[in-house]
Each structure stands twice: as C-alpha cells, then as structure tokens.
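Dear colleague,

Please find below the structure that I am handing over to you. My notes on it follow directly after.

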Amino acid sequence: MTIAVTGATGHLGRLTIDALLRRGVPASDVVAVVRNPAKAAEIAGQGVQVRTADYADRAALETALAGVDKLLMISGSEVGSRVPQHINIIDAAKAAGVGLVAYTSIPDAPNNTLQLAQEHQVTERLLAESGLNHVLLRNGWYWENYTNDLAGTAERGVLAGSAGDGRVAGAARADYADAAAAILTSDENQAGKVYELGGDEHLTYPELARAISDVTGKPVEYRDLPVEQYRGILESAGLPAPVAAVLADADAGVATGVLDVTGGDLQRLIGRASTPLETVLRAAL
C-alpha cells in the first residue's frame, strides 16, 4: 500500500509523514511529493520516496503519483491560484489510477461564507465530478495561526481582531496531521466520508488573549476592531492586501461561528483529546 502526500515539505505535510511512520507505514511505502527536493533531504534520509512535482505541472504530478494507492491532497497555499492547481492534482490522480484521494478542506465547506472557503467549495465539487474515490478532511483552525507573531503580541499587549465574541475550536497542526494519517491507514472504506475536524477548546478571542498573557507572563488584552480597520493593520504590518483581506474576513467569520467546529470527529480519529492551546503557545516561545 503506497501512500503519497503532496506539499510534503510544508508544515502539515511533514507532520503527516511523521504520523504515517509512527502508525507503522514502512518508509518505502510513503511518497513525499515536493516542489523543491533540496528541502526534503531529512525526509529522504528516513527512507521515504521523494518525488518532484509542482502543483502547476500536470505531467510531473502524474509521474509522481504513479503506483500510488492513497493520496493526501493538501490544499495549495497560494490563495487565488488553488483551483487550477487542484485541477492538475485531480487529473493526475485520475490518470495515475490513485485509489483514494483525501483532501484537506475547510469546515462545513458548502455553507461556509469565508472567502477562504470559495476555492475549497470548487475543489470539493471537482472531486465529486471526477469519479475518484475521495474523503474530505474539513480541517478547522490551527492554533499555530496565533503564534506567528506571538512575541510581538505579548510585547504590544494587544491581540487585535474582528472576531467579536465568536469562538474558535482550534487544534494543533499535528492533530490534523494525525487525523489524516489515521484515515489513510484505516482498514475501513473511507470513500465518500466527510470529517468535520475541530479541537476540544472553544475559545473566544478574549480567552485567547488571556492564554497568551498566561504563557508569556505579559498582560495581553483583546481589541475588537471593525473589519476594514483590522485589514488596514494587517497591511501596515507588511501583508499583501489580498492576504490581509482574507485574514480579516476569516476573523469576521469567527464572529458568526464558522470556525467553532463541534461533533468530535477529530478526537475519534486520533483517539485522544486535541492539543491544548497552552501547549502550542509554549512550544512557540
């Protein structure tokens, strides 16, 4: 049974390969599909097959997926360009005869109002139309989304956002990676299944701010801002305008509950509680 992971040198891809190996998959049966093989030296050193293919290169993807039984199709990171990239992967998987495609989507994708959801909605539809056996991993928010500027947040004493009193059911990237590995190694038929994945903690932004304060030892408060003002702050911090718009929109979505995932799919898949926010914050210090 050969299992491939696209975007294998990214955060989620690397963690998923680690999870597959922990679950007993022989390294020789794991294929890491990467854009830059120079970044995959550590993976190759574990005995994992490294194959080079860019999401934009349909022919290279088909070659990389030759002989693959199951594929974790990690959504592309280039918002706005993901649909043509995903089409290439789907077409390549179909041509290569991949038996099951697991796709990392977004919570409640068909009804999700976030800008981030639009490309996932199209990709889910394309998978349904492709005839490929596929399973949807609708990943919730990563707690790591709040650690990118953890030191800066603590120094400023302010966690800014537009989330109101909405809640986020976050989890660690490693939790979602472990869930993907559980699905890819399951003896059960996963075709047609949909998993809504979220963590045990359902936190408001004021609660996030208190957690950051507790871990860093510095007082941090949450400052709720209008979406346009928050987007401007993100742009002034150096983010490209389209990225800032998407992130501000995601915060506004938190206010409406789109990232407050319930149901326990993640916990059932990994056989444990999700990683607490505090643990993720401390690891980032």
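**Salt bridges**

D149 is partly exposed, at a relative accessible area of 39%; here buried means under 20% relative accessible area, exposed over 50%, and partly exposed in between (1.4 Å probe, protein chains only). Please note that this is a predicted model, in which local features need pLDDT of at least 70 and side-chain atom pairs count only at pLDDT 80 or more, while totals for chains, interfaces and linings use all residues. Residues are numbered from 1 along each chain as its sequence is written, and side-chain values use heavy atoms, with hydrogens and water left out.

The side chain of D149 meets that of R156 in a salt bridge of 2.7 Å, N to O. The term denotes a side-chain nitrogen of Lys or Arg within 4 Å of a carboxyl oxygen of Asp or Glu. R156 counts as exposed, at 53% relative accessibility. Across the whole structure, 19 salt bridges are found.

A further one joins R14 and E42 (3.4 Å, N to O). This pair links distant parts of the chain, 28 residues apart: R14 belongs to helix α1 (residues 11–22) and E42 to helix α2 (residues 41–45). Helices (H or I, at least four residues) and strands (E, at least two) are DSSP runs, numbered from the N terminus. R14 is buried, with a relative accessible area of 16%, whereas E42 is exposed, at 60%.

E188 and K193 also form a salt bridge, their closest N and O atoms being 3.1 Å apart.

**Aromatic pairs**

The structure holds four aromatic pairs. Rings of Phe, Tyr and Trp (its six-membered ring) pair if their centres lie within 6.5 Å; planes under 30 degrees apart count as stacked, over 60 as edge-to-face and the rest as tilted. Y146 and Y205 form an edge-to-face pair, with 5.7 Å centre to centre and 90 degrees between the planes. Y146 lies in the loop between β6 (134–139) and α6 (150–156) and Y205 in helix α8 (residues 205–216), so the pair ties together parts that are 59 residues apart in sequence.

Y205 also pairs with Y222: the ring centres are 5.2 Å apart and the planes at 70 degrees, so this pair is edge-to-face. Y222 is in strand β11 (residues 221–224), 17 residues apart from Y205. Y205 is buried at a relative accessible area of 2%, and Y222 counts as buried at 15%. Together with W143, the residues Y146, Y205 and Y222 form one aromatic cluster.

**Nonpolar cores**

The largest nonpolar core has 59 residues, and L65 and L71 have the most contacts inside it. Such a core is a set of buried Ala, Val, Leu, Ile, Met, Phe, Trp, Tyr and Cys residues joined through side-chain atoms within 4.5 Å. Helix α7 (residues 173–184) gives the largest share of this core, seven residues. Apart from it lies another core, of 30 residues, among them Y146, L150, A209 and V246.

**E196**

E196 lies in strand β9 (residues 194–197) and is buried, with a relative accessible area of 19%. Leaving aside its neighbours within four places in sequence, E196 is in contact (heavy atoms within 4.5 Å) with P107, D108, R138, V261, D265 and L266. A polar atom of the E196 side chain lies 2.9 Å from the backbone nitrogen of D108.

With kind regards

Note on methods. Polar contact = N/O pair within 3.5 Å; in protein donor to acceptor, adjacent residues only side chain to side chain.
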